[in-house]
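The following note sets out points on secondary structure, packing, aromatic contacts and backbone geometry. It is intended to be read alongside the model.

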Amino acid sequence: MKKILVTGGAGYIGGVLVRDLLNKNYSVRVFDSLYYGDESLNEVKGNPNFELIYGDMQNVENYPNLLNDVEAVIHLAAISNDPSCDLDPYYTKKVNVEGTRKLVKMCKEKGVKRFIFSSSCSVYGTGLTASLDENSPKAPVSLYARAKVECENILLEMMGENFYPTILRNGTVFGYSPKMRFDLVVNLMTKNSIKDNKIFILSGGTQWRPNVHVKDVVKAFIKVLEAPIEKVKGEVFNVGSNDLNFQVKDIAEKVKLIIPEVKIEFVPSDPDTRDYNVNFDKINQ
């Protein structure tokens, strides 16, 4: 039975991924700081193929046995949104960038060949072209996105014999997880519609977001995990669907179709410079 290390496995994507891996008869070891608790993993704690290690990515080198018997790493752990990163840039850098660098070094020393990194379409930032593909210029506008770019560069620079990373740039994720997030646009609009009967739209709502369901993100990770390594090593894939590129104002209208009584309000604000319409042909091929 293959053992997979999932960093950040108690989080929004991790909570879904861990269950699907266990359902496919993988052995799963989760490494997580449990900043938001471990309730998302309650359902799987009794599974004999599940193991939870409490720890922080900034000190990942203090866990020398973390990679014992591990055949692949899926690296989700990070300070995972713009406001959180901006609260403490130094800590963000230590966790998101230096933690990744340390983990890669450990993988190379332990001979763990397969490494799948959870990046983000936010690396495109202010999209410089329409239908951005994996070769389009990166123009990150936030610390979170810049850290993702740094991590991508680390992985590709350290790739070589016996270390084969794959980078998945996820669209803006939505959908149910045992560890919910309500800072993501579809989830936030849905929550505000139910709770307050209002959706607030900033910056005119003309900015583009490529949306992707959390279960489809998980499918992409597992697809890469199970693909022949020759097909995915050193590759970058945008994760999402061309049909789910929408402007923020159009997402609000789609939520209103489900919750007709909701009121949509446009709120004056500073411009939202994150604006990216993304192409997903490569991963579908």
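1. Helices (H or I, at least four residues) and strands (E, at least two) are DSSP runs, numbered from the N terminus. In these terms, serine 27 has its place in strand β2. The model is a predicted one, in which local features need pLDDT of at least 70 and side-chain atom pairs count only at pLDDT 80 or more, while totals for chains, interfaces and linings use all residues. Residues are numbered from 1 along each chain as its sequence is written, and side-chain values use heavy atoms, with hydrogens and water left out.

2. Is serine 27 buried or exposed? Serine 27 is buried, with a relative accessible area of 11%; here buried means under 20% relative accessible area, exposed over 50% and partly exposed in between (1.4 Å probe, protein chains only). Contact means heavy atoms within 4.5 Å. Neighbours within four places in sequence set aside, serine 27 is in contact with Met1, Lys2, Lys3, Ile4 and Asn49. The C-alpha atoms of serine 27 and phenylalanine 50 are 6.1 Å apart in space, although these residues are 23 apart in sequence.

3. Strand β6 (residues 164-170) deserves attention. Seven of its seven residues are buried, so β6 is largely enclosed by the rest of the structure. Tyr164, Thr166, Leu168 and Asn170 point one way from β6, whereas Pro165, Ile167 and Arg169 point the other way, and all are buried.

4. Which strands pair with β6? Two strands pair if DSSP finds at least two bridges between them. Strand β5 (residues 114-120) runs parallel to β6 and is joined to it by seven bridges, with isoleucine 116 opposite threonine 166 in β6. Strand β10 (residues 236-239) also pairs with β6 in the parallel sense, over four bridges; there, valine 236 of β10 is the bridge partner of isoleucine 167.

5. A nonpolar core is a set of buried Ala, Val, Leu, Ile, Met, Phe, Trp, Tyr and Cys residues joined through side-chain atoms within 4.5 Å. The largest such core has 37 residues, and those with the most contacts inside it are Val6, Leu17, Val18 and Leu21. At least two residues of this core come from each of β1 (3-7), α1 (12-23), β2, β4, α6 (214-226) and β10. Helix α6 gives the most to this core, with eight residues. Apart from it lies another core, of 30 residues, among them Val73, Met106, Leu143 and Ile154. In soluble globular proteins, nonpolar side chains tend to be buried together.

6. Valine 6 illustrates the packing. Beyond four places in sequence, the contacts of valine 6 are Leu17, Val18, Leu21, Val28, Arg29, Val30, Phe31, Ile74 and Leu76.

7. How many aromatic pairs does a search of the whole structure find? The search finds three. Rings of Phe, Tyr and Trp (its six-membered ring) pair if their centres lie within 6.5 Å; planes under 30 degrees apart count as stacked, over 60 as edge-to-face and the rest as tilted. One of the pairs is phenylalanine 31 with tyrosine 63, edge-to-face at 5.1 Å centre to centre and 70° between the planes. Phenylalanine 31 lies in strand β2 (residues 27-32) and tyrosine 63 in the loop between β3 (50-54) and β4 (70-75), so the pair ties together parts that are 32 residues apart in sequence. Phenylalanine 31 is buried at 1% relative accessible area, whereas tyrosine 63 is partly exposed at 26%.

8. Tyrosine 35 and tyrosine 36 also form an edge-to-face pair, 5.1 Å centre to centre with 80° between the planes. Tyrosine 35 is exposed, with a relative accessible area of 68%, and tyrosine 36 counts as exposed at 59%. Lysine 179 lies over the face of tyrosine 36, at 5.1 Å from the ring centre. A charge sits over a ring if NZ of Lys or CZ of Arg is within 6 Å of the ring centre and within 35 degrees of the ring normal.

9. Asparagine 197, in the loop between α5 (185-196) and β8 (198-202), has a positive phi near 60° in a residue other than glycine. Serine 203, in the loop between β8 and β9 (208-213), likewise has a positive phi, of about 60°.
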